[in-house]
Amino acid sequence: MRAQTAAARAELAHVLADLAEAQRQLSGHHLHQLLEANEQLVVDAMRSRDMAESTALLVAELTRSSELDALTSLPNRLLLLDRFSQSLTQARRNDGRLALLFMDLDSFKQINDKHGHTVGDEVLRAVSRCLVGCVRQIDTVCRLGGDEFIVLLPEIADAANPGLVAQKLMDALSQIADAGGKPVRVAASIGIAVYPDDADNVEQLVDCADQAMYRSKRAGGGCYSFFALHQTGPEHG
């Protein structure tokens with residue numbers, strides 16, 4: 001009897017030991033599964049974060065690209081109108097002035113006809129760099145299309161200041177002598193409109209500056225004209 005009892009106890013102990021080992025192994029397996037699952041969650045989270053950051057960068061780049069002129073990388077009409085509206089709001093709030101310069105290159109068609117559009121495009125890029133280099137960081141240079149440019153001066157001391165800027169631009173343009181390996185001569189007609197002297201909204205200011213630019217064209221080009229003052233700057237070149 002005692003022998004049978006001892007044998008039964010030994011068998012029970014063996015079964016309990018096997019059960020404990022099975023539980024240990026099962027717990028370890030579950031722990032391993034949990035660690036793998038947790039690792040996968042971390043990887044997925046990092047991947048999602050990277051995708052979100054990449055998407056945000058892509059959206060920012062697309063937004064930036066949609067606001068820039070493809071040829072010159074200058075602000076396009078959309079970005080100009082946004083900055084124009086902001087500057088106009090600030091000028092109204094501070095009882096300040098701003099100016100708009102509407103510029104059209106003189107005889108640009110002749111450059112295209114003589115040297116081809118590739119050289120013409122190089123001229124437009126050179127003009128863009130030239131204009132940006134002549135104005136302040138707070139100013140905006142925009143290519144409307146073709147050979148038409150607008151320069152927004154959001155803060156001016158008085159109505160005559162834009163004339164100094166226009167003359168500076170024309171002097172700088174005269175220094176462009178080469179584009180795409182071809183000799184070129186660059187000049188422009190500029191029209192100037194001033195807020196609040198000439199108009200009090202974006203559309204009217206652009207129209208006033210456009211009219212003043214055509215006055216410069218009729219005067220022979222290479223000069224600038226104020227819309228309200230009917231003054232024409234000296235011919236250039």
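Let's start in the sheet of this predicted model: strand E1 (residues 98-105) and strand E3 pair in the antiparallel sense, and six bridges hold the pairing. To find one of these contacts on your screen, look for Met103, whose bridge partner in E3 is Phe149.

Strand E3 covers residues 148-153, and five of its six residues are buried, so it is mostly covered. E3 also pairs with strand E2 (residues 140-145), again in the antiparallel sense, over five bridges. Here Val141 has Val151 in E3 as its bridge partner. E2 and E3 form a hairpin with two residues between the strands, and in that hairpin Gly146 takes a positive phi near 60 degrees.

**The other partner of E1**

E1 pairs with strand E6 too, in the antiparallel sense and over eight bridges. Phe102 is a handy landmark, with Gly191 as its bridge partner in E6. Gly191 also stands opposite Ser225 in E7. Strand E7 (residues 224-226) and E6 run parallel, and three bridges join them.

Here are the strand pairings side by side:

| Strands | Sense | Bridges |
|---|---|---|
| E1 and E3 | antiparallel | six bridges |
| E2 and E3 | antiparallel | five bridges |
| E1 and E6 | antiparallel | eight bridges |
| E6 and E7 | parallel | three bridges |

Why is E6 described as largely enclosed by the rest of the structure? Strand E6 spans residues 188-195, and eight of its eight residues are buried, so the rest of the structure largely encloses it. In a regular strand, side chains alternate between the two faces of the sheet. You can follow that along E6: Ala188, Ile190, Ile192 and Val194 point one way, while Ser189, Gly191, Ala193 and Tyr195 point the other way, and all of them are buried.

Just past this strand there's something to look out for. Most peptide bonds are trans. Tyr195 and Pro196, however, are joined by a cis peptide bond, with omega about 5 degrees. Pro196 sits in the loop between E6 and H6. Helix H6 (residues 202-218) belongs to a β-α-β unit together with E6 and E7, and that unit is left-handed.

Now move on to H3. Which of its residues are buried? Phe108, Ile111 and Asn112 are. They cover an arc of only 95 degrees around the axis, which puts them on the same side of H3. An α-helix has 3.6 residues a turn, so residues three or four places apart point the same way. The face turned away from the buried side of H3 carries exposed residues: Lys109, Gln110, Asp113 and Lys114.

In the loop between E1 and H3 you'll find Ser107. Its phi is near 55 degrees, a positive value in a residue other than glycine. Ser107 has a relative accessibility of 45%, so it counts as partly exposed. Ser73 is another residue other than glycine with a positive phi, near 65 degrees. Ser73 lies in the loop between helix H1 (2-66) and helix H2 (77-94).

**The largest pocket**

Ser107 turns up again here. The largest pocket is lined by Asp106, Ser107, Gln110, Ile111, Lys114, His115, Pro183, Val184, Arg185, Val186 and Ala187. About 180 Å³ of space lies inside this pocket. Which element gives the largest share of the lining? That's helix H3 (residues 108-115), with four residues. Sorted by class, the lining has five nonpolar, three polar and three charged residues.

**An exposed glycine**

Next, find Gly180 in the loop between strand E4 (178-179) and strand E5 (182-183). Is Gly180 buried or exposed? Its relative accessibility is 54%, so Gly180 counts as exposed. Gly180 and Val123 are 57 residues apart along the chain, yet their C-alpha atoms are separated by 8.0 Å.

**Stepping back**

Finally, zoom out to the whole protein. Its secondary structure comes to six helices and seven strands. From the N terminus on, the elements run α-α-β-α-α-β-β-α-β-β-β-α-β. The protein has 237 residues, and 38% of them count as buried.

Key. Residues are numbered from 1 along each chain as its sequence is written. This is a predicted model: local features need pLDDT of at least 70, side-chain atom pairs count only at pLDDT 80 or more; totals for chains, interfaces and linings use all residues. Side-chain values use heavy atoms; hydrogens and water are left out. Buried means under 20% relative accessible area, exposed over 50%, partly exposed in between (1.4 Å probe, protein chains only). Two strands pair if DSSP finds at least two bridges between them. On a 1 Å grid over the protein atoms alone, a cavity is a set of points where a 1.4 Å probe fits but cannot get out, and a pocket is an open set with protein on both sides within 12 Å along at least five of seven lines; lining residues have an atom within 4 Å of a point. Grid points are joined across faces, edges and corners, and a volume is the space filled by probe spheres set on the points. Ala, Val, Leu, Ile, Met, Phe, Trp, Tyr, Cys and Pro count as nonpolar, Asp, Glu, Lys and Arg as charged, and the others, Gly among them, as polar. A crossover is right-handed if, with the strands pointing away from the viewer, the path from the first strand over the helix to the second runs clockwise. The arc is that of the directions from the helix axis to the C-beta atoms.
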